Structure formats: structure tokens, C-alpha cells
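Colleague: I'd like to learn how to read a model like this one. Could you walk me through it?

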Amino acid sequence: MRVLGFSGSLRRDSYNRKLLQAAAHLFPKGVVFELWPGIGDLPAYSEDLDRAEPPPAVVRLRADINAADALLFATPEYNSSVPGGLKNALDWAPRPYATNVLRQKPVAVVGASTGFFGAVWAQAELRQILRACSALVLDRQLPLARASEAFSSDRSLADPELAAALVEIVQELVCLARSSKVSCECERRDRVRAIASEDRGAYVEETPSQAVSIGATALG
């Protein structure tokens, strides 16, 4: 499983980047966590640029999100809202609508700020944006307030309650991604069976106890 992390702050030593790095150590074995570094490379969204050959940074963004099994966002709060760079990335990602790479993508949102509220407004708005993009959004938040004092020397969260909450969010995101993957595989298998049935000129209906096949001649 592959989880992609996005920091809404572009600062090299941002607290939200540190929050994602703290989360990276909490994923179970078999889960690969990567930070996506290219938000600052994305041009401001314009339909004039979003043609048959969009900018390379946009192509990379969409491809990387599509390849990931889940996404973890960490956002600061700028002017009581989501940072412009992160919002811009989410304007690019779900287009074109027919191939929206955020559709049914499991995501979680956390946030850190140097103030007393831990970017709660930005987190709420970011979850709303992601739901509008048809993502599967965990209804959880992690408000990391006074972020300059929030990390231990080993870069983990100093507050035991916040550390435990981050563990829970990571675990729930992994569970959501696994269940979503199973659901997608089941849907894919059902489509294959339906196509195969059409090729045979038959409709196949499966019940928990039996599979009943009714051919065209049986209907006549």
C-alpha cells in the first residue's frame, strides 16, 4: 500500500511537514509513505493551460495521486482558511471530471499552527473541498496548536493525547484504504463477470448460496 502526504505549507522546515514526518513512523509494515514535494511547482489553475497537454507538474500530480492508495493532508491556516497553494493543487487534481483521480480516494486531514486553535478552520474547509472532489474523507481532525512547542527531540508529538489521536487517524486511514481496495476489486470482478455473461449471451446472477445462469435459449 502507498500513502501520499501533502503539506499545505511550502516552508522547508514547516510544522505541517514535521507533522507528516511524525505520522510516517506510525504506518504499519507494508505501507509506504511518501511526501509529495511539488505543490510549489504547480502554476495557478487556468483552463487555458488545462488542455490535451497540461503542464508537466500537473501530469505528475494526477499520476501520483492516481497511483496512491490513500492521501494524508497536513494544513496550516492562512487568513482563517486553506493555503492558496494547496487549494490550487486541489483545483488541478480532479480534472478532467471523467478521470477524476480523487474520486473515491481515501483521505485524512490533520493540521498544525503556531496559534491556539491548531488550524481547525482550515482543516474543516479542506475536508469540505475534498468531499466536493468526491474523495472518501475521514471525519476526523487533529488540531496541533502552538506547534513550535509540540514536537519532542525525536520529532514525535510531545502530547500523549495528540500522539494517540494521530495513531488512530493513521490506522483509520489504512483501514479505509484497505476496505476501499477490496470494494474496488469486487466491483471490477463483477464488471468482468457481466461482460463475460454478455459475451455468452447470458445473464449471470449470483446469490450467497448459488450461482444461477439463464441462457438465451432457456428464456425462449
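Predicted model: local features only at pLDDT ≥ 70, side-chain atom pairs only at ≥ 80, totals over all residues.

Colleague: Let me zoom out, then. How many helices and strands does the protein chain have?

Modeller: The secondary structure comes to 6 helices and 8 strands. Reading from the N terminus, the elements run β-α-β-α-β-α-β-α-β-β-α-β-β-α. The protein chain has 220 residues, and 39% of them count as buried. As for contacts between residues at least 6 apart in sequence, 73% join residues at least 24 apart.

Colleague: Now the strands. In which sense do S1 and S2 pair?

Modeller: A general point to carry along: in a regular strand the side chains alternate between the two faces of the sheet. Here S1 and S2 pair in the parallel sense, over 4 bridges. To find the pairing by eye, look for glycine 5, which stands opposite leucine 35 in S2.

Colleague: Next, the aromatic rings. How many aromatic pairs does the structure hold?

Modeller: There are 4 aromatic pairs. To read one, check the distance between the ring centres and then the angle between the planes; over 60 degrees counts as edge-to-face, under 30 as stacked, and the rest as tilted. Take phenylalanine 6 and tryptophan 36: their ring centres are 5.7 Å apart and their planes are at 35°, so this pair is tilted. The pair links distant parts of the chain, with phenylalanine 6 in strand S1 (residues 2-7) and tryptophan 36 in the loop between strand S2 (32-35) and helix H2 (56-67), 30 residues apart. Both phenylalanine 6 and tryptophan 36 are buried. Ring pairs also bring in Phe73, linking Phe6, Trp36 and Phe73 into a cluster.

Colleague: What about tyrosine 45 and tryptophan 92: at what angle are the planes of their rings?

Modeller: The planes are at 70° and the ring centres 4.6 Å apart, so that pair is edge-to-face. Tyrosine 45 lies in the loop between S2 and H2, while tryptophan 92 is in helix H3 (residues 84-92), so the pair ties together parts that are 47 residues apart in sequence. Tyrosine 45 is partly exposed, with a relative accessible area of 23%, whereas tryptophan 92 is buried at 0%. Elsewhere, the charged end of arginine 11 sits over the ring of tyrosine 15, 5.2 Å from its centre.

Colleague: Which residues touch valine 58, leaving aside its neighbours within four places in sequence?

Modeller: Those are Leu42, Pro43 and Trp92. Valine 58 is found in helix H2, and its relative accessible area is 0%, so it is buried.

Colleague: Last topic: the backbone. What should I look for there?

Modeller: Most residues other than glycine have a negative phi, and most peptide bonds are trans. Here the peptide bond from arginine 95 to proline 96 is cis, with omega near -10°. Proline 96 is in the loop between H3 and strand S4 (106-112).

Colleague: Is glutamine 104 buried, partly exposed or exposed?

Modeller: Glutamine 104 counts as partly exposed, at 44% relative accessibility. It lies in the loop between H3 and S4 and has a positive phi of about 60° although it is not a glycine. Alanine 119 has a positive phi of about 60° too. That alanine lies in the loop between S4 and H4 and counts as buried, at 1% relative accessibility.

Note on methods. Residues numbered from 1 in each chain as written. Heavy atoms only, no water. Phe/Tyr/Trp six-rings, centres within 6.5 Å; stacked < 30°, edge-to-face > 60°. Helix = DSSP H or I, 4+ residues; strand = E, 2+ residues; numbered from the N terminus. Buried < 20%, exposed > 50% of the residue type's maximum accessible area, 1.4 Å probe, protein only. Lys NZ or Arg CZ within 6 Å of the ring centre and 35° of its normal. Pairing = 2+ DSSP bridges. Contact = heavy atoms within 4.5 Å.
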